[in-house]
Structures are given as structure tokens and as C-alpha cells.
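The sequence and the model are shown first.

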Amino acid sequence: MKMRKFTIADASLERSPGQEADISVGNLVDERHGGPITIGYGRYAPGQSLTETMAVDDVMIVLEGRLSVSTDGGTVTAGPGEIVYMPKGETVTIRSHEEGALTAYVTYPHWRPAHA
């Protein structure tokens, strides 16, 4: 794969697999492109929540809005320009605030095969 630049307009956002919440994701780079990581965007509607045990190492960059991420060890709240790292094996609850949120993410290894 060659160097590429992405914007949110490049992503085809779809409901996050296996989730009931109004959360959409759109992978831009994944296992189909031959690299070792997944890169994409996520959109969280206001007041949404999801809990999962991380199947991959996940880095989430908040671009708009705010999210809170909780584990047994505590809760962090992140806004625009802030990054949350969620290690593989950690059980997290991600909650969007009243304004919702737009994020970018990078996972290692690929996100989709780990959720299959």
C-alpha cells in the first residue's frame, strides 16, 4: 500500500458490528490493504454507550465532541485533540456525551478479523 491521506468524507460509516448503540465505524485501511493495522473513523450519536473486551490494541483520537472511557481502573474523559489507548484484553465502556463524538482510530492487529 502506498502513502495515503484520508478525511471523514472517504469513510463509508456503517453501524458498528454487534452493537445495539447508534455508533458507526468506517475502516479506511484494514486487512484487505495488506498492512498490519486498521485505520478508520467512528461516529457516536449523543448519549450512546458500548461495553466490550478489547480484542485488539486500540488507539482512539477524539476529533469532535467528548467521550468517557471506563475500566475497572477508573474513567477518563477525552475531547478534541485527545487520545485514549485501550489495550488488548481490557474491558472498556465507552460513553458519548450530549454532543456525541467523532473519532479516528488505529488498531493492531486488524479489528474486523478479531471480531469475527
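## Terms and basis

A residue is called buried under 20% relative accessible area, exposed over 50%, and partly exposed in between (1.4 Å probe, protein chains only). The model is predicted, and local features need pLDDT of at least 70, side-chain atom pairs count only at pLDDT 80 or more, and totals for chains, interfaces and linings use all residues. Residues are numbered from 1 along each chain as its sequence is written, and side-chain values use heavy atoms, with hydrogens and water left out.

## Overall fold

The protein chain contains one helix and eight strands (DSSP runs numbered from the N terminus: helices are H or I, at least four residues; strands are E, at least two). Their order along the sequence is β-β-β-β-β-β-β-β-α. Of the 116 residues, 43% count as buried.

## Strands S5 and S7

S5 and S7 run antiparallel and are joined by four bridges; two strands pair if DSSP finds at least two bridges between them. Tyr 85 in S7 is the bridge partner of Val 59.

## Nonpolar cores

A nonpolar core is a set of buried Ala, Val, Leu, Ile, Met, Phe, Trp, Tyr and Cys residues joined through side-chain atoms within 4.5 Å. The largest one has 15 residues, and Tyr 44, Met 60, Leu 67, Val 69, Met 86 and Ile 94 touch the most other members. Strands S5 (57-71), S7 (83-86) and S8 (91-108) each give two or more residues to this core, and S5 supplies the largest share, four residues. A second, separate core of six residues includes Leu 28, Val 29, Tyr 41 and Ala 104.
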